[in-house]
Amino acid sequence: MKDGNVELRKYKNSLTDASLNLLLVTFEPRLRQRWLESIGSSTLTRSFQATKTVHFNIKAGTMNARYTSIFSFSAIPAYLQIFFILERAHQGNYMTPRFSYKSYNLSSVQLFKSGNPLNSNQETSDMKFSRGSYDHQYWYKQFLRFYGPNAIDISSDSFLQDFFCLCFNQSNQTDIDGSQAVVLEPENRVLSFVEGGTLDAILEFREPLKENVMAFFVGYYDLTSSFDADGLIVQ
């Protein structure tokens with residue numbers, strides 16, 4: 001400290017060690033035999049959840065941006081998450097953490113599946129994310145439905161200040177309550193049919209962005225694979 005002023009220094013964290021714990025489970029012999037006989041007569045099918053992330057740079061001064069075919073003519077994700085970070089925070093440092101998501105005066109998000117607007121678009125018109133507002137509480141509730149008990153430590157204030165994101169259910173399934181999670185707990189959900197097509201988005205901000213911002217679109221897909229008796233993927 002010099003003359004009452006704190007001298008700030010830049011620091012960089014480096015990961016020097018990591019560990020992975022694996023649990024080896026042995027089947028009870030009779031159960032294992034029945035399992036092998038089942039695979040011998042038909043393939044074994046298992047479900048899993050896959051994600052795909054796409055990001056775009058939004059320049060300072062922008063008030064609206066349109067993105068077409070976000071996931072490049074692939075399957076449309078069953079669930080979608082949108083969040084924003086400052087471009088200068090993308091790499092992360094001690095003054096601008098990488099995992100700090102804010103609304104940046106976002107006022108509207110319009111989504112289109114193969115050219116058709118989503119019903120949820122009516123909830124994204126003229127949004128105002130002030131503390132305790134309808135939009136604040138509505139999207140916080142969607143956030144809790146998305147992550148379930150995994151989001152128990154995220155308060156409504158924390159959501160608005162540091163973990164802001166919009167979560168959309170684009171599947172053919174109805175929303176579930178907050179006791180289960182849309183992501184991370186696929187065993188608690190009914191699988192959605194995979195839809196092919198395009199996903200477009202229009203973003204609007206209440207005022208021009210003061211800095212460059214990055215918009216992230218994260219798609220969650222319910223997929224299945226089939227295995228033969230040798231453990232090889234057949235589908």
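Leaving aside neighbours within four places in sequence, S103 is in contact with F129, F164 and F205, where contact means heavy atoms within 4.5 Å. S103 sits in the loop between β4 and β5 (106-113), and with a relative accessible area of 14% it is buried, a word that means under 20% relative accessible area, with exposed meaning over 50% and partly exposed in between (1.4 Å probe, protein chains only).

Before I go on, please keep in mind that this is a predicted model, in which local features need pLDDT of at least 70 and side-chain atom pairs count only at pLDDT 80 or more, while totals for chains, interfaces and linings use all residues. Residues are numbered from 1 along each chain as its sequence is written, and side-chain values use heavy atoms, with hydrogens and water left out.

Let me now step back to the whole chain. The protein chain has three helices and ten strands, where helices (H or I, at least four residues) and strands (E, at least two) are DSSP runs, numbered from the N terminus. Read from the N terminus on, the elements run α-β-β-β-β-β-β-α-α-β-β-β-β. Of the 235 residues in the protein chain, 37% are buried, and among the contacts with a separation of 6 or more, 76% are between residues 24 or more positions apart.

A78, in the loop between β3 (75-76) and β4, is 92 residues from Q170 in sequence, yet their C-alpha atoms are 4.9 Å apart in space; A78 counts as buried, at 9% relative accessibility. R66 is exposed, with a relative accessible area of 52%, and, not counting residues up to four places away in sequence, R66 touches A201 and I202.

Next comes helix α2. This helix (residues 134-147) has 14 residues and reaches 20 Å from its first C-alpha to its last, close to the 20 Å expected at 1.5 Å a residue; that expected span is 1.5 Å times one less than the number of residues. Which residues of α2 are buried? They are D135, H136, W139, Y140, Q142, F143, F146 and Y147. Seen down the axis of α2, these buried residues fall within an arc of 160 degrees, so they line one face of the helix, the arc being that of the directions from the helix axis to the C-beta atoms. What covers them includes β4 (79-86), α3 (156-161), β7 (166-169) and β10 (213-227). Just after α2, G148 takes a positive phi of about 60 degrees.

As general background, in soluble globular proteins, nonpolar side chains tend to be buried together. The term nonpolar core is used here for a set of buried Ala, Val, Leu, Ile, Met, Phe, Trp, Tyr and Cys residues joined through side-chain atoms within 4.5 Å. In this model the largest such core has 49 residues, and those with the most contacts inside it are F84, V109, F143, L166, L203 and F217. The largest share of this core, eight residues, comes from β10. If neighbours within four places in sequence are set aside, the contacts of L166 include L80, I82, V109, F129 and W139.

The aromatic rings deserve a separate word. Rings of Phe, Tyr and Trp (its six-membered ring) pair if their centres lie within 6.5 Å, and planes under 30 degrees apart count as stacked, over 60 as edge-to-face and the rest as tilted. By this rule there are 18 aromatic pairs. One of them joins Y134 and Y138, whose ring centres are 5.8 Å apart with planes at 25 degrees, so the pair is stacked. Y134 and Y138 are four residues apart in helix α2, and are therefore separated by about one helical turn. Y134 is exposed, at 53% relative accessible area, whereas Y138 counts as partly exposed, at 23%. One aromatic cluster is formed by F129, Y140, F143, F146, Y147, F159, F164 and Y220.

I will finish with the cysteines. How many disulfides does the rule count? With a disulfide defined as a pair of cysteine sulfur atoms within 2.5 Å, the count comes to zero. The sulfur of C165 has its closest cysteine sulfur in C167, at 3.9 Å, which is too far for a bond. C165 is buried, with a relative accessible area of 2%, and C167 also counts as buried, at 3%.
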